[in-house]
Amino acid sequence: MVRLVNLPIQDGIVELRRIAIEDAVEFIALEADPEAKKFMGGPRCKTLGDVRSYVSENHAPDDLDLLVVTDRSSKQFLGRAGLLPNGPDEVELHCVLKKTAQGNGYGRATFLILIRVAEMLGKSPVAIIHPENVMSLKLFKALGFVQSGLHRTDGWQDGHLVFRTKEFR
């Protein structure tokens with residue numbers, strides 16, 4: 001797990017903070033939304049008990065693998081994001097936003113924070129993107145990432161495109 005103690009992190013229009021049980025209703029709705037999760041894996045929390053277990057058993061207070069994304073001014077729940085270990089020197093960036101939050105700059109702002117945190121931790125940021133996820137492909141190219149290969153795994157991400165920043169290829 002990737003850890004950093006200084007949360008929440010704010011920048012621009014978003015705030016990233018630890019997930020709390022109070023986020024359960026919004027989190028369950030996000031994880032159950034087939035459109036929001038069309039190109040993403042991750043937790044399959046369907047009940048309050050699932051969320052409670054996921055939050056308490058799987059995440060230390062300073063883990064960065066599951067963070068809540070909120071609007072910085074209104075504190076409205078927008079989605080989830082985080083950094084996942086990807087070998088000893090890399091972290092995978094991930095973000096799932098509610099459909100109503102997509103296309104409003106929240107994803108870009110979230111990924112800019114995650115990239116900065118990865119670099120502060122001395123890790124190379126990597127994005128593993130479904131080949132049909134046009135919005136993410138466009139965003140990561142605009143952020144200066146370039147395709148560096150195909151992800152090979154036994155899991156659902158097999159065949160997804162791997163993107164790295166030019167300096168970390």
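Helices (H or I, at least four residues) and strands (E, at least two) are DSSP runs, numbered from the N terminus. The model shown here is predicted, so local features need pLDDT of at least 70 and side-chain atom pairs count only at pLDDT 80 or more, while totals for chains, interfaces and linings use all residues. Residues are numbered from 1 along each chain as its sequence is written, and side-chain values use heavy atoms, with hydrogens and water left out.

**View 1. Lysine 75 sits in the loop between strand S3 (67–71) and strand S4 (77–85).** Look at the backbone here: phi of lysine 75 is near 65°, a positive value in a residue other than glycine. At 42% relative accessibility, lysine 75 counts as partly exposed; buried means under 20% relative accessible area, exposed over 50%, and partly exposed in between, with a 1.4 Å probe and protein chains only.

**View 2. Helix H1 (residues 24–32) has a buried side made of Ala24, Phe27, Ile28, Leu30 and Glu31.** These residues cover an arc of only 160° around the axis, which puts them on the same side of H1; the arc is that of the directions from the helix axis to the C-beta atoms.

**View 3. Helix H4 has buried residues Ser136, Leu137, Leu139 and Phe140.** Seen down the axis of H4, the buried residues fall within an arc of 165°, so they line one face of the helix. The face turned away from them carries the exposed Val134, Met135, Lys138, Lys141 and Ala142. Among the elements covering the buried residues of H4 are H3 and strands S5 (90–97), S6 (124–129), S7 (145–150) and S8 (161–165).

**View 4. Helices H3 (residues 106–120) and H4 (residues 134–142) cross at roughly 50°, their axes coming within 11 Å.** Axes are lines fitted to C-alpha atoms, for helices over the stretch in contact, and angles run from 0 to 180 degrees between N-to-C directions. H3 and H4 are therefore oblique to each other; angles under 35 degrees count as roughly parallel, over 145 as roughly antiparallel, 65 to 115 as roughly perpendicular and the rest as oblique. On the H3 side, Gly107, Arg108 and Phe111 meet Leu139, Phe140 and Ala142 in H4, where contact means heavy atoms within 4.5 Å.
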